[in-house]
2 protein chains.
Amino acid sequence: MSPPSGDRDAHLRETHQSRETLLTGGFLEVRRDTVALPDGSRATREFILHPGAVAVIPLLDDGPDPQLVLVRQHRYPIDRVMLEWPAGKREAGEPTIACARRELLEETGYTAAEWAWAGWIHNAPAYSSEDIALWFARGLVPGPARPDVGEFVETQVMRLSALQALDARGELTDVKTLIGLHWLQAALSGHRSWSWASTEKVCDVA
Amino acid sequence: MSPPSGDRDAHLRETHQSRETLLTGGFLEVRRDTVALPDGSRATREFILHPGAVAVIPLLDDGPDPQLVLVRQHRYPIDRVMLEWPAGKREAGEPTIACARRELLEETGYTAAEWAWAGWIHNAPAYSSEDIALWFARGLVPGPARPDVGEFVETQVMRLSALQALDARGELTDVKTLIGLHWLQAALSGHRSWSWASTEKVCDVA
């Protein structure tokens, strides 16, 4: 993690000096690294080591106001039932497209004939290494959901216009869901390119 | 945290049973709660207790393609220099508007004459209690930045159209920044209401 010479961001960059594992929980792993600041002084950075996640934006039709597949799920740390895209953590080494197919199937029962890459997001870069890969999915075939043990999730099908109305009222607060909506609007209006490929031919980006 | 009787989300809701503090770091506090699942079985939930944060979307002019004030900052957990709205953690009990004024001043040196509420977002509801309050700011007066000790941040002024171009190329990945852009576009095009108040009269929402 030494910066390359000629690094134009050398005046901003923090470089790794040493590492300590603060916590290995059943779910969370927390690290404390000592870093060198740009002025040469030392500081510590505590953060969660996260394997990354995916979220899927599933379209049930190709119209201008498509039906979308979302899930509702209680999120204990904020004690709210949230409306979200189907999503989940990547397993170690799992390609994002494989995780996207798995989570869509587990949480909603749908399988998709075609996929288009949406983009990467960083949701808590101050204290988590998590990145989230967003994929669009279409050509959906329904089936039974297969939630993990201890996972209580319900599917909610909703038109784009209804999701936009929730957003305009400030009722949509999950970041991956807001950004997926933002990118879906941009793609449908021609302001963002998307490129569909069949499930057999889609290339992973991870 | 017991659900109200007649709770329409009782089939999704997890209820608190007991609590354990796993880590009290210099920066992060991690808790493990035992919860009752909707089917009565027990599970544990590990998450970060976070005081919440704010982000500010600062507009330098009122035109259709305004100049915006952003900051560039190295985010160690993902080892990237990120382009973001000025932002920071709330202090205990700090109103979001007070934190917004403080962070805008500390990171960029600007003070704002008027503020408009943008919205709440939840950036990691699976494992953090963090919420982020977003505010629009205008009527900006420049001054010297006052970064915290050990904070290396540089201001970058950029037109909305340039930020939209970065987004279209997939180069904008910070969630609060993407969502602030999404809401700014919606407000400027009349799809989202905003209501400006002077700094003296603005009401907090926290």
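**A note on the two-chain model**

1. Let's start with the layout of chain A: reading from the N terminus, its elements follow the order β-β-β-β-β-β-β-α-β-β-β-α-α-β. That gives chain A three helices and 11 strands. Please keep in mind that this is a predicted model. Taken along the principal axes, the C-alpha atoms of chain A fill a box of roughly 55 × 40 × 40 Å.

2. Now to a helix pair in chain A. Two packed helices are described by the angle between their axes and the distance between the axes. For helix α2 (residues 160–168) of chain A and helix α3 (residues 175–188) of chain A, the axes come within 11 Å and cross at roughly 130 degrees. Because of that angle, α2(A) is oblique to α3(A). The crossing of α2(A) past α3(A) is left-handed.

3. Which residues of α2(A) and α3(A) meet? From α2(A) come Leu160(A), Leu163(A), Gln164(A) and Asp167(A), and from α3(A) come Leu178(A), Leu181(A), Leu184(A), Gln185(A) and Leu188(A).

4. The axes of helix α2 (residues 160–168) of chain B and helix α3 (residues 175–188) of chain B come within 11 Å, crossing at roughly 130 degrees. The angle is why α2(B) counts as oblique to α3(B). α2(B) and α3(B) make a left-handed crossing. On the α2(B) side the contact is made by Leu160(B), Leu163(B), Gln164(B) and Asp167(B), and on the α3(B) side by Leu178(B), Leu181(B), Leu184(B), Gln185(B) and Leu188(B). Here the residues of the contact of α2(B) with α3(B) split into six nonpolar, two polar and one charged.

5. Next, the interface. How many residues of chain B are in contact with chain A? There are 68, and they touch 68 residues of chain A. Between them, chain B and chain A bury about 6000 Å², with 61% of it on carbon and sulfur atoms. If you want residues to look at in chain B, Tyr76(B), Tyr127(B) and Phe152(B) lose the most area to chain A, together 14% of what that side buries.

6. Finally, the charged pairs. Six salt bridges are found across the interface of chain B and chain A. In the model, Asp167(A) forms a salt bridge with Arg192(B), and their closest N and O atoms are 3.3 Å apart.

How values were computed. Residues are numbered from 1 along each chain as its sequence is written. Chains are lettered from A and ligands numbered from 1 in the order in which they are written. This is a predicted model: local features need pLDDT of at least 70, side-chain atom pairs count only at pLDDT 80 or more; totals for chains, interfaces and linings use all residues. Side-chain values use heavy atoms; hydrogens and water are left out. Axes are lines fitted to C-alpha atoms, for helices over the stretch in contact, and angles run from 0 to 180 degrees between N-to-C directions. Helices (H or I, at least four residues) and strands (E, at least two) are DSSP runs, numbered from the N terminus. Angles under 35 degrees count as roughly parallel, over 145 as roughly antiparallel, 65 to 115 as roughly perpendicular and the rest as oblique. A crossing is left-handed if the near helix is turned anticlockwise from the far one by less than a right angle, and right-handed if clockwise. Contact means heavy atoms within 4.5 Å. Ala, Val, Leu, Ile, Met, Phe, Trp, Tyr, Cys and Pro count as nonpolar, Asp, Glu, Lys and Arg as charged, and the others, Gly among them, as polar. Buried area is the accessible area (1.4 Å probe) that two parts lose on being put together, summed over both. A salt bridge is a side-chain nitrogen of Lys or Arg within 4 Å of a carboxyl oxygen of Asp or Glu.
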